[in-house]
Amino acid sequence: MSAVSISPHSRRVLITGGSRGIGLEVARDLAHSGHQLWLAATTEKVREIATQLGPAHRASRVDIADSNSVASLFAEIRREWQGMDAVVHSAAELGQAGNFWHLDPDKFVHTLRVNSGGPFFIAKAFVQLWLDTAPKSSSNRGKIVLFAGGGAGYGYPQFLPYGTSKAAAVRMCETMSMELDAAQIPIDVNIIAPGANETSMLAAVRAAGGEVRTVVPFSKPIALCRWLLSSDSDGVSGRFLHVNDPYPTLSPNALRAEALKLRRIDL
């Protein structure tokens, strides 16, 4: 990919899971749009991807299930960038498939640590960095974009670890938003339901016998990420947004308090 100049209005964005799948596709789009990226993933491939995207971009290896690894990543970002504007957290694992009584307990807990602990470690580190480095006079809001997945909003038999961990991430997003708002910290946090995208994870779901009714093109989660990182979404926070929702029309003042959130349905 040819280098794209970084504009004065570009955002400094961390993308976890940036070496493959949705994270990689979002990275390509944001790099092309002139944003400055820091890619993070578990393998050395992430450094190759950053180099391909252009000289303005950086990369690090990170284990998002390890809070010390995440802390080291953010220390590196602080040293080089002296701050950051947004994070797109797409790193996750599918975990074991099968009936829950056959699942390995340690593997189940590890999936929870990756898919629920990971977004907590990343969001916490981002907010702390923002509080320490964001200009007090700036009108720009910080942005945290998380990803849900199959089983987050409904039961999905045979994929209990993944669904459980992603449902936890949805409620985490909602609660984080409430706390940020109460503390008057200008950061929006939202979580995306990206639909079924053609990734290695979706291939693993199919291989394990999972039902995949429709496939959603990468362009849809990319467009929603782009909107959530822009000022057009300022004030929309704590929401569980599907890529097919009419999100460009959303306004924080017009949204019902319970809209786009996980809720029990009364009898």
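Close-up 1. At 23% relative accessibility, Tyr156 counts as partly exposed, a class that lies between buried (under 20% relative accessible area) and exposed (over 50%), using a 1.4 Å probe and protein chains only. Tyr154, with 52% relative accessibility, counts as exposed. These two tyrosines form a tilted aromatic pair, with 6.5 Å from centre to centre and 45° between the planes; rings of Phe, Tyr and Trp (its six-membered ring) are paired if their centres lie within 6.5 Å, and planes under 30 degrees apart count as stacked, over 60 as edge-to-face and the rest as tilted. Together with Phe159, Tyr154 and Tyr156 form one aromatic cluster. The model is predicted, so local features need pLDDT of at least 70 and side-chain atom pairs count only at pLDDT 80 or more, while totals for chains, interfaces and linings use all residues. Residues are numbered from 1 along each chain as its sequence is written, and side-chain values use heavy atoms, leaving out hydrogens and water.

**Close-up 2. The pair of Trp38 and Trp81.** The structure holds seven aromatic pairs, and one of them is edge-to-face because the rings of Trp38 and Trp81 have centres 5.3 Å apart and planes at 85°. This pair links distant parts of the chain, since Trp38 belongs to strand S2 (residues 36-41) and Trp81 to helix H3 (residues 67-81), 43 residues apart; helices (H or I, at least four residues) and strands (E, at least two) are DSSP runs, numbered from the N terminus. Both Trp38 and Trp81 are buried.
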